[in-house]
Amino acid sequence: MSKKANYFFISLKACIKAFFSFGITFVLMLSCVFTLIWFISSTVYKNDILQPVTVAVVKNGDEAETNIALKFIKATDSVLSVCKLTEMEKSNAESAFKNGDVSGIIYLKENFAHGVYRGEYNELNVTLRDNGSIAVSVLKELLKSGEAYIALTEAGVYAISDTASVYGSKISDGELRKAVTKKYMQIILARGGLFSSETLSAFENTDIISYYVSAGIVLWQLFIGVAFLFLYNKEHCSFERRLKAAGINKISCGIIKLLNISIILFASSVTIILLIGVLSPNFTDILGSKRLDEKVVSYLILLTVSLCIASFIHFFGSAFGKIGLSELMYIFASVVLILVGGYILPKVFISNTLNDLNSFSPAVFWHSSALTALYSYGNISMALKNILLGGVFFLSGEALR
């Protein structure tokens, strides 16, 4: 076995020993990171979804047109996303509103739909609980929108009716009003086709759990990187000088250390991913829907992320190891990257000043790479970018060593 291979396995053994020498700290760190991820993701997930409120509908009479209109409104997407309409007797509805079981009551007068259709003035009484919830506020806006549509229709009916009476019309006033109302209602009911929908997310257009699991993988690699900075202290540098005499130069030593750190970072991350998939079925299925070739690309991207973070560790170890500041400077830089990169709070919640630094933050690309590898369909170009960025860190570290 060659001298370089011997040094590789000796160095790998030392890295594994350092990795497990964390002992209780290792376990606590793992537990804290993913407990934090679970807590943040589950809490924000619950708060992020707009929970529809229950609204009671009290009818006065059993008009067929009102029943048809009510059934149609109940099935409308804009209504379903905000509230659940439940028909109740007046006494039951008011009792439920008082107890907090419903967030509002809509009172429909007798022959309400027929009156609207004929263009008659028809007052609609609505009682809402002003509890400051987003759903109730959205419901208010929905009611205002409906009111505006009805007002617009009535204005159009009256305008056409007045015009016809002034200039004369062969069509009766009643038939004219019905025709205009029908035309307006056709446009209003088809209003969904007038708009294009776009879903915006603070979590890079993915779900919250996927966002924080991928962030947790990168966080883990950054945290555990402290364990390998012993490879750059004064004692190890003295040992490398003796290796140089044996024919193993400085660049070879750096590459061997880089490979050893990368292997352990990658292996530990894959283990965590597999554990999440087995122990936490509530999490989004990681890599589950991918073909074999897509999984290979995903693991390759994760491997290059580990290689890039290992180069990041190599840079700080090489730059500050001899003077004993490597751990302090590395931890400080990692914390800054975590805050700027949106690992705790998404970037949309971070100040503009910190967001301006995102363009220069490698942690943003690491997170994006991990997210793509785990939950999307990555490509080789992403892996090449990680290798290129890692090469910059490695060569900078070698230049400062």
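Which residues of β3 are buried on one side, and which on the other? The first close-up has the reply, and a word on the model comes before it. This is a predicted model, where local features need pLDDT of at least 70 and side-chain atom pairs count only at pLDDT 80 or more, while totals for chains, interfaces and linings use all residues. Residues are numbered from 1 along each chain as its sequence is written, and side-chain values use heavy atoms, with hydrogens and water left out.

**View 1. Strand β3, covered on both faces.** G104, I106 and L108 sit on one side and I105 and Y107 on the other, and all are buried (under 20% relative accessible area; exposed is over 50%, partly exposed in between, with a 1.4 Å probe and protein chains only). That makes five of the five residues of β3 (residues 104–108), so the strand is largely enclosed by the rest of the structure. Strands here are DSSP E runs of at least two residues, and helices are H or I runs of at least four, numbered from the N terminus.

**View 2. The neighbours of β3.** Strand β1 (residues 53–59) runs parallel to β3, joined by five bridges; look for A56 opposite I105. Strand β4 (residues 125–128) runs antiparallel to β3, with four bridges, and here I106 stands opposite V126. Two strands pair if DSSP finds at least two bridges between them.

**View 3. T304 in helix α12.** T304 is part of α12 (residues 292–320) and, at 5% relative accessibility, counts as buried. Its side chain reaches the backbone oxygen of I301 at 2.7 Å. Leaving aside residues up to four places away in sequence, T304 touches A383, N386 and I387 (contact means heavy atoms within 4.5 Å).

**View 4. Aromatic pairs.** Rings of Phe, Tyr and Trp (its six-membered ring) pair if their centres lie within 6.5 Å; planes under 30 degrees apart are stacked, over 60 edge-to-face, the rest tilted. By this rule there are nine aromatic pairs. Y211 and Y212 have ring centres 5.2 Å apart and planes at 85°, so they are edge-to-face. F315 and F393 have centres 6.2 Å apart and planes at 55°, so that pair is tilted. Because F315 lies in α12 and F393 in helix α16 (residues 380–400), the pair ties together parts 78 residues apart in sequence. Ring pairs also link F312, F315, F316, F320, Y330, W366 and F393 into a cluster.

Conventions: Polar contact = N/O pair within 3.5 Å; in protein donor to acceptor, adjacent residues only side chain to side chain.
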